[in-house]
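Subject: A structure for you to look through

Dear colleague,

I am passing on a structure, and I would ask you to open it and keep it in view while you read the notes that follow it.

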Protein chains: 2
Amino acid sequence: MAATPRQGAVDKRRLILDAAIVVFARQGFHHCRVSDVADEAGVAYGLVYHYFDSKEEILNELFLERWQIMLDAIAEIDRREQLAPREKLYQVAGFIIDSYRHEPDLMKVIIVEVTRAANSFGRLHLEKIREAYGRIAEIVEAARRDGTFKQDISAEFAALCFYGAIEQLLSGWIFDLLPATEEEFERAKGLVVEAICGGLEVSPTGTPAVSG
Amino acid sequence: MAATPRQGAVDKRRLILDAAIVVFARQGFHHCRVSDVADEAGVAYGLVYHYFDSKEEILNELFLERWQIMLDAIAEIDRREQLAPREKLYQVAGFIIDSYRHEPDLMKVIIVEVTRAANSFGRLHLEKIREAYGRIAEIVEAARRDGTFKQDISAEFAALCFYGAIEQLLSGWIFDLLPATEEEFERAKGLVVEAICGGLEVSPTGTPAVSG
DNA sequence: AGACTCGTTGACTGACGAGTCAATCTGACT
DNA sequence: AGTCAGATTGACTCGTCAGTCAACGAGTCT
């Protein structure tokens, strides 16, 4: 299975994966043909089946590949001792938002075709998604232990809200409900953390309302 | 088109819609056949096409029907002058969560199948989804005006986070990542509002941490 | 009774598209 | 030059399934 890609030769497997990202994002997984992917990759139809067992396997591969990168990134962020909980969450939000900024098509495919459809194929995806919640929950749990975060909201529940807010944000960009500009991406990072950590309500004491 | 359903006769159109909810939820929109829906409804295959133009139209109908109910409910909640912003949001969260409690299959279909489809078929769905954000944003906007909510988070952004958290909650139940019991439903209503309005962080002054 | 309308039936069709496979190519190694 | 392994090709197969349609049934009106 392409164990030794000849030097100089283009990695056709990668080519197919990248083409699939474009096609899946444009037409949707169910509304595209395998031949569309092959055409986009500039490759013969049959070659797709040389590298992958099925159309679904391509989607699986795209998801698992990218999701693992995210899981590792979250774990790495959590490991930085000097960061306050809120800063850790900011880093996490930043990583996910930057992922969308740099690879909007891939993130669209993952969110629209995989995250929302997790019941149709194997339990593997659900396990991976749960893992992401778990890693975020660990950050929250540490914050609860050191007294920064409230006791009465469980870490798992908090993680769910936090991730949900971010995913909805990406959905907004994906479906053109929100302006997807560089400035908006940056602003959103801070705002989503402020909304979830600080809350929408004005604190009883500090944080005077900024006019304008 | 079934303008005068004869009295005593079962409304076959409704029967088909209800069967579609069950089948779409169980097998997924793309992994079921129209004949599955007909069988579930106990009706001949062709009758489905007597009432609907296509398989997709059934999905459309299910979404639009239910979504409009939700939009109306949110508007109605916003109209209750005596409610504080946080209480209004609690009512909204409660309504959506209760929708899931009473019709989990329908809500599953709407969340799992429609959002995915939102890019493939018409912009109508997106418009409706945007409308929901808008109605929630109105609640937040009023709260910002009267000084209850922060100025530096826009109402639209706040609405997105709020709705995102709720949708993620439903996803958790849908995909069995969370226990879906009566008590959890009730607890979740309060928690999601507390998380979003009050934030995860302990307020500088009040709200002493509850032990246990 | 006869004619008309509308609900209902389910066998059939036609297109579509995932996956197969035998043939061909390419470069490496002897 | 000859052999071999793996990459690459694309025409073909074959099941599936959305959508059609001609016929039938059950009320209603005259």
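Predicted model: local features only at pLDDT ≥ 70, side-chain atom pairs only at ≥ 80, totals over all residues.

Residues are numbered from 1 along each chain as its sequence is written, and chains are lettered from A and ligands numbered from 1 in the order in which they are written.

At least two residues of the surface near DNA strand C are supplied by each of helix H2 (34-41) and helix H3 (45-51) of chain A and helix H3 (45-51) of chain B; helices (H or I, at least four residues) and strands (E, at least two) are DSSP runs, numbered from the N terminus. H3(B) has the largest share of that surface, with four residues. By class, the surface near DNA strand C has nine nonpolar, five polar and four charged residues, where Ala, Val, Leu, Ile, Met, Phe, Trp, Tyr, Cys and Pro count as nonpolar, Asp, Glu, Lys and Arg as charged, and the others, Gly among them, as polar.

DNA strand D is surrounded by 16 residues, and the closest are A:Ala44, A:Gly46, B:Val34, B:Gly46 and B:Ser54. Two or more residues of the surface near DNA strand D come from each of H3 of chain A, helix H2 (34-41) of chain B and H3 of chain B. H3(A) gives the most to this surface, with four residues, and the residues of the surface divide into eight nonpolar, five polar and three charged.

**How the two chains are related**

Two copies of a chain are related by a rotation about an axis and a shift along it. Here, chain B can be laid on chain A with an RMSD of 0.3 Å by a turn of 180 degrees and a shift of 0.1 Å along the axis, the copies being superposed by least squares on the C-alpha atoms of residues with pLDDT of at least 70 in both. That is the relation of a two-fold axis. Of the residues of chain B, B:Gly199 comes closest to the rotation axis, with its C-alpha at 1.7 Å.

The contact between the chains takes 49 residues from chain B and 51 residues from chain A, two residues being in contact if their C-beta atoms, placed from the backbone, lie within 7 Å. On the side of chain B that touches chain A, helix H6 (104-117), helix H7 (124-145), H8 and helix H9 (182-198) of chain B each supply at least two residues, and H8(B) gives the most, with 11 residues. The residues of this side divide into 25 nonpolar, 17 polar and seven charged.

**Helices packed within a chain**

Two packed helices are described by the angle between their axes and the distance between the axes. In chain B, the axes of helix H5 (residues 85-102) and helix H8 (residues 155-174) come within 11 Å and cross at roughly 25 degrees; axes are lines fitted to C-alpha atoms, for helices over the stretch in contact, and angles run from 0 to 180 degrees between N-to-C directions. H5(B) and H8(B) are therefore roughly parallel to each other, since angles under 35 degrees count as roughly parallel, over 145 as roughly antiparallel, 65 to 115 as roughly perpendicular and the rest as oblique. In this packing, B:Leu89, B:Ala93, B:Ile96 and B:Tyr100 of H5(B) meet B:Phe162, B:Ile166, B:Leu170 and B:Trp173 of H8(B), and the contact has eight nonpolar, no polar and no charged residues.

H8(B) also packs with H7(B), at an angle of about 120 degrees and with the axes 8 Å apart, which makes H7(B) oblique to H8(B).

In chain A, the axes of helix H4 (residues 55-79) and helix H6 (residues 104-114) come within 10 Å and cross at roughly 115 degrees, which makes H4(A) roughly perpendicular to H6(A).

With best wishes

Definitions and conventions. Near = placed C-beta within 6 Å.
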